[in-house]
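Here is a short briefing to read alongside the coordinates. Have a look at the model first, then follow the notes below it.

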Amino acid sequence: RHMQELLLAVACGLVEDKEAVQVTVDPVRDDGTTVYHLKVAESDMGRVIGKQGRIAKAIRVVMRAAAVRQGEKVIVEID
């Protein structure tokens, strides 16, 4: 639950259309990995992906670091 809030907080800090930000979570996979899906407004896609995907990569690093502390494995998909 708090991983979802972390992703929401990070995304909301980057976008202009905060209302459009949505995070959905898939059921945990057999290998223990949780997949988080981040949806943002079309006009904000560039803001969460960044040049050469740098921002998206940074978001994934933050999420993975937080997950490790929780003993979880996560994947962040930006849809």
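**Nonpolar core**

In this predicted model, the largest nonpolar core holds 19 residues, and L7, L38 and M63 touch the most other members. A nonpolar core here is a set of buried Ala, Val, Leu, Ile, Met, Phe, Trp, Tyr and Cys residues joined through side-chain atoms within 4.5 Å, where buried means under 20% relative accessible area with a 1.4 Å probe, protein chains only.

- Two or more residues of this core come from each of α1 (2-14), β2 (33-39), α2 (45-49), α3 (54-70) and β3 (73-78).
- α3 gives the largest share, 5 residues.
- Beyond its neighbours within four places in sequence, L7 is in contact (heavy atoms within 4.5 Å) with V23, Y36, L38, I59, M63 and V76.

**Fold and dimensions**

- The chain has 3 helices and 3 strands, in the order α-β-β-α-α-β from the N terminus; these are DSSP runs, with helices being H or I of at least four residues and strands E of at least two.
- The C-alpha atoms fill a box of roughly 35 × 25 × 20 Å along the principal axes.
- Of the contacts with a separation of 6 or more, 56% join residues 24 or more positions apart.

**Burial**

- Of the 79 residues, 35% count as buried.

**How to read the values**

- Residues are numbered from 1 along each chain as its sequence is written, and side-chain values use heavy atoms, leaving out hydrogens and water.
- Local features need pLDDT of at least 70 and side-chain atom pairs count only at pLDDT 80 or more, while totals for chains, interfaces and linings use all residues.

Technical notes: Buried means under 20% relative accessible area, exposed over 50%, partly exposed in between (1.4 Å probe, protein chains only).
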